[in-house]
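Here is a set of questions and answers on a two-chain model. Look over the sequence and structure first.

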Amino acid sequence: MDALMQFIFSGLTVGAVYALVALGFTIIYNASDVVNFAQGEFVMLGGMITVFTFEAGLPLPLAALIAIFVTSAVGVALNKLAIEPARGAPVVSLIIITIGASIFIRGAAQIVFDKQLHRLPSFSGDEPIHMLGATILPQSLWVIGGALLVFVGLYLFFTRTLTGKAVLATANNRLAAQLVGINTGFMMTLSFALSAAIGALAGVLVTPITLVGYDIGVALALKGFAAAMLGGMGNPKGALAGGLLLGLFEALTAGYISSQYKEAVAFIVILAVLFVMPQGIFGEKKTERV
Amino acid sequence: MLTVEGLRSAYGRIEVLHGLDLEVKSGEIVTVVGANGAGKTTLLKCLSGTQPVTAGEVHFRGDRLTTVPAFKRLKRGLSQSPEGRQIFTNLSVEENLRLGAFLFTDDRVERDMEDAFEMFPILREKRNLAAGGLSGGQQQMLAIARALMGRPHCLLLDEPSMGLAPLLVAQIFDVVTLLRKRDVTVLLVEQNAFGALRIADRGYVMETGRITMSGVSGDLIADPRIREAYLGL
């Protein structure tokens, strides 16, 4: 029983990171129907930039802020330099562009930073907290809390604010969005900036636990994608639930079957979702009259 | 209020508008009628800025509009209810209306929405449902109501009667005549020439990218050429 609780804690921690990546997917997908496979690179950049500015002597909170800001700028640049010039191209082409961008960012990070793994000190010490017969690291609480906070913020953004609805409208019908006075180009830029910032935040929060290196983005993007698919692409609720569930599946597989199979869980989830319920847990079935 | 001079537009290398001149005065209902493929929708798209203009000028309320990007034209007072309705299918009816007033955050938004529900009571009934589930006629009502939420001085209506049952067509045309009382100038593009000319003050007849006739609606309806070509009389 204690072991189970321990697996659940570690599953929730990893799951919260997947949820943050999936939430990043959600925003760009909502604005443009594009799945941004460079989302994992945003996480890497968040971690790496924080590590390097922190080691240069800046206080950690400031280093984290700089990392989030710079990563947002990278997100905006990705939109302006790679996605916007290809406007009108099919969504599949845009997705391939994001894969290219992710390879480019990874290569650039290798040159700008280095090929080592780095870590950050935990925000609130390394003293494990005893809870329900198991232990959890304070940093895990930071990660889980961060994911919940971002989720609530995004949920309110998309359901309560006019700007959030304008982002949804831009994705649903770009022509009509322009006709009601929405600057659709700005909405795209905004969603890339927001998405990159959330990715970077995930990187900052998780680096004290999992370490960061230039190549951590690929696996995170794939798992975040699996999480978003599981929950239902485009739905913040789905991203959160999908992320946490995927983390739990992984931890339980590692705990009860073998840690060697852990990495396969995400792929099994993708296949299962595609076969059984392509719209995901919270995804809406598309009903439209023409 | 709206003047178009020598307007040309092309899809790739194929020119579809060959120099149009057109004028809409404040308070008028003006219609552009013509067969399918005459370029009526392209004309409206040029006016709303969603189709590039290759030559000619568009002026609206004294300002040159030709190069103003589409999303800034509503702020100038020009609103469009586009062909094929183009509502936000995955948002609710109410959210569609709210986004119609995207530029505004004052109290009038509430009142305008009430007005829209008065005008189209069925929309009030379905206000919380996804707009994609509405029937064709209801979607058309929503598209017009959304365009009005932007507080236009001039409303561009593209084929509002397309694909609707005769009873609904009459209802939509009734609403258009009501706009006169609200000081909204209307430019109505229609294949249903008879219905459009009956409610309009003036009309233009368009054929393959050119204006071939224009005049007071009554005269156009009485013109034997028009009766034969468009009214089937």
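Q: Is Arg108(B) buried, partly exposed or exposed?

A: This is a predicted model, in which local features need pLDDT of at least 70, side-chain atom pairs count only at pLDDT 80 or more, and totals for chains, interfaces and linings use all residues. Residues are numbered from 1 along each chain as its sequence is written, with chains lettered from A and ligands numbered from 1 in the order in which they are written. A residue is buried if 20 or more other C-beta atoms, placed from the backbone, lie within 10 Å of its own, exposed if 12 or fewer, and partly exposed in between. Arg108(B) has 13 C-beta neighbours inside 10 Å, so the class is partly exposed.

Q: Which helix holds Arg108(B)?

A: Helices (H or I, at least four residues) and strands (E, at least two) are DSSP runs, numbered from the N terminus. Arg108(B) falls within residues 108-119, and that run is α3 of chain B.

Q: How far apart in space are Arg108(B) and Thr41(B)?

A: In sequence, 67 residues separate Arg108(B) and Thr41(B). From C-alpha to C-alpha, the distance is 31 Å.

Q: What is the strand order of the open sheet of six strands in chain B?

A: Two strands pair if DSSP finds at least two bridges between them. The edge strands, each pairing on one side only, are β6 (78-81) and β10 (210-216) of chain B. The pairing is mixed, and the order is β6-β7-β8-β3-β9-β10.

Q: What is the average twist from one strand to the next in that sheet?

A: Axes are lines fitted to C-alpha atoms, for helices over the stretch in contact, and angles run from 0 to 180 degrees between N-to-C directions. From strand to strand, the twist averages 15 degrees.

Q: Which residue of β8(B) is the bridge partner of Val32(B)?

A: Strands β3 (residues 29-34) and β8 (residues 185-190) of chain B run parallel and are joined by five bridges. On the other pairing, β7(B) also runs parallel to β8(B), with five bridges, and Leu155(B) stands opposite Val186(B). For Val32(B), the partner in β8(B) is Val189(B).

Q: How many of the six residues of β8(B) are buried?

A: In a regular strand the side chains alternate between the two faces of the sheet. In β8(B), Thr185(B), Leu187(B) and Val189(B) are buried on one side, and Val186(B), Leu188(B) and Glu190(B) are buried on the other. The strand is therefore largely enclosed by the rest of the structure, and the count is six of the six.

Q: At about what angle does helix α5 of chain B run to β6(B)?

A: Two residues are in contact if their C-beta atoms, placed from the backbone, lie within 7 Å. Helix α5 (residues 136-149) lies across β6 and β7 of chain B, and its angle to β6(B) is about 170 degrees.

Q: What is the radius of gyration of chain B?

A: Chain B has nine helices and 10 strands. The radius of gyration is taken over C-alpha atoms, and the globule rule is 2.2 Å times the number of residues to the power 0.38. For 233 residues a compact globule would have a value near 17 Å, and chain B agrees, with 17 Å.

Q: What share of the 290 residues in chain A is buried?

A: Chain A has 11 helices and two strands. Its radius of gyration is 19 Å, close to the 19 Å of the globule rule, so chain A is as compact as a globular protein of that length. The C-alpha trace of chain A spans about 55 × 45 × 35 Å along its principal axes. The buried share of chain A is 52%.

Q: How far apart are the end C-alpha atoms of residues 179-205 of chain A?

A: An unreviewed UniProt entry annotates this stretch, among others, as "transmembrane region". Such annotations may be inferred rather than shown by experiment, and positions follow the numbering used here. The stretch is 85% helix and 0% strand, and its end C-alpha atoms are apart by 41 Å.

Q: Which element gives the most to the side of chain A that touches chain B?

A: The contact takes 19 residues from chain A and 25 residues from chain B. Two elements of chain A give two or more residues to its side: α6 (162-172) and α7 (174-179). With six residues, the element that gives the most is α6(A).
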